[in-house]
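Here's a walk through a two-chain model, written for someone who likes to check things by eye. Have the viewer open and follow along.

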Amino acid sequence: MEEIYEANAPTEFPTPKGQPTLEQNPAADEKITLPVKETVSRWKKEILDKIQFLKENFDQANRDREGLSREMDLLKAELDASKEQAKILETKLAETLETFNNLLDEVSRAL
Amino acid sequence: MNSFAVFSMKGGTGKTTLSGSLGWVLAEQGHRVLMIDMDPQGHLSQLFNVRPVKGQTQLYYSLIHEQPLAETIVPAPHPNLSLIPATEDHFYLNSALVSKPWREWKLKDALQAMDPFPYDVVIIDLGASLSLSTYVALFAAKTLIIPVLPDLLSYLSLKSLFTFLDKTCKYYKFSFDMIWILMNRVNSHRPLDRENKKALEKYYKKFLMPVVVREDVRFSEAARERVAISAYAPESTGARDMTKVAQFLETMISQSQSPKPS
């Protein structure tokens with residue numbers, strides 16, 4: 001891959017009159033170390049943000065679950081009460097039907 | 001007067017973003033900065049949300065009809081920053097310049113005619129094309145800053161630009177004081193970026209700025225808010241890199257202007 005850079009290396013250069021010659025690159029060390037340090041701290045911050053976000057979501061989900069289970073208990077109790085009521089009504093219906101049948105028997109005997 | 005032209009033949013290398021950011025940093029440091037938007041697209045003017053007021057002289061009339069350049073200047077959002085904005089007339093500047101004598105030196109002459117010169121630094125932002133207005137802008141500058149991306153196409157375009165600069169400077173007997181290649185959007189964790197940087201260090205060593213501008217999304221966010229990155233996110237990587245670029249240029253200029261020992 002490096003051949004492409006060599007093949008396209010410049011052949012003509014302008015000659016700026018005040019161009020200094022930089023003997024050493026003062027920022028060279030910094031350029032190697034700083035991005036790594038900054039990237040790691042950025043990643044750390046991103047991960048902590050994500051953990052915080054997930055924690056908040058988890059707490060909210062727990063609160064929602066508690067609310068829903070309370071609502072479910074309430075509905076269950078109502079269902080049980082309704083079942084009891086249904087049983088009472090069924091008994092009453094059976095008694096009424098029996099009374100009705102007895103009356104019908106008595107009417108037919110009287111006729 | 002210190003004047004910088006920010007130019008590269010390849011598009012999308014960050015010329016306008018770097019011009020605007022550099023201008024802002026220098027203004028923050030107390031320099032009186034004049035920015036000239038020579039790109040017909042007018043992105044620098046849009047970045048700072050600056051337009052000429054109604055009836056104000058525009059750069060076109062100043063260069064073609066030789067009206068004072070001072071009349072074209074508009075204040076920018078920073079008190080130390082002024083701007084000569086681009087207008088629709090920039091599209092016709094090239095054709096209008098053709099018939100003018102000494103056309104390539106029009107902007108330089110117009111700047112020199114401002115006496116006393118009320119600015120410490122002039123920054124000229126150019127579009128990615130070679131036209132008469134490019135020559136006009138380049139010849140008004142003492143220092144040329146060439147932003148490049150860490151990719152192969154940017155590298156290839158540099159060779160053409162250097163050939164052009166060499167021939168142009170010889171033909172017109174013109175010379176910059178300094179030429180600096182500024183690597184932009186560098187992410188040194190990418191192998192290709194490192195490879196490209198090595199190639200630049202090898203073949204353009206004399207011209208490569210030792211500070212780079214690293215990749216930072218804050219540049220785009222700042223542009224959306226129409227401010228320079230140093231105003232939008234002063235602690236960001238990009239803002240700190242721009243400060244380093246400004247400091248490097250200041251150092252180089254002060255060194256070149258200091259009297260040399262005999």
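The largest nonpolar core has 83 residues, and the ones touching the most other members are B:Ala5, B:Ile124, B:Ala137, B:Ile181 and B:Leu182. A nonpolar core here is a set of buried Ala, Val, Leu, Ile, Met, Phe, Trp, Tyr and Cys residues joined through C-beta atoms within 7 Å. A residue is buried if 20 or more other C-beta atoms lie within 10 Å of its own, exposed if 12 or fewer, and partly exposed in between, with C-beta atoms placed from the backbone.

Keep in mind that this is a predicted model: local features need pLDDT of at least 70, side-chain atom pairs count only at pLDDT 80 or more, and totals for chains, interfaces and linings use all residues. Residues are numbered from 1 along each chain as its sequence is written, while chains are lettered from A and ligands numbered from 1 in the order in which they are written.

Back to B:Ala5: beyond its neighbours within four places in sequence, B:Ala5 is in contact with B:Ile124, B:Leu126, B:Ala137, B:Leu138, B:Ala141 and B:Leu144. Contact means that the C-beta atoms of two residues, placed from the backbone, lie within 7 Å.

Zooming out, chain B has eleven helices and seven strands. These are DSSP runs numbered from the N terminus: helices are H or I with at least four residues, strands are E with at least two. A compact globule of 262 residues would have a radius of gyration near 18 Å, and chain B agrees at 18 Å; that radius is taken over C-alpha atoms, and the globule rule is 2.2 Å times the number of residues to the power 0.38. Buried residues make up 50% of chain B. Of the contacts in chain B between residues at least 6 apart in sequence, 77% join residues at least 24 apart.

The seven strands of chain B form an open, mixed sheet, ordered E3-E4-E2-E5-E1-E6-E7. Strands E3 (74-75) and E7 (178-183) of chain B each have a single partner strand, so one side of each lacks a neighbour in the sheet. Strands count as paired if DSSP finds at least two bridges between them. E2 (residues 33-37) and E5 (residues 121-125) of chain B run parallel over five bridges, and B:Met35 has B:Ile123 as its bridge partner in E5(B).

Helix H6 (residues 132-139) of chain B has seven of its eight residues buried, B:Ala137 and B:Leu138 among them. The cover over those buried residues includes E1, H4, H5, E5 and E6 of chain B.

| Residue | Phi | C-beta neighbours within 10 Å |
|---|---|---|
| B:Trp102 | near 50° | 8, exposed |

B:Glu66 lies in the loop between H3 and E3 of chain B, and B:Trp102 in the loop between H4 and H5 of chain B. There's also a cis peptide bond from B:Asp115 to B:Pro116, with omega near 0°; B:Pro116 is in the loop between H5 and E5 of chain B.

What about chain A? The contact between the chains takes 24 residues from chain A and 30 from chain B. H2(A) gives the most to chain A's side, with four residues.

Chain A averages a pLDDT of 86, pLDDT being the predictor's confidence in each residue, from 0 to 100. Residues 28-32 of chain A stay under 50. Where pLDDT is low, the predicted coordinates should not be read in detail.
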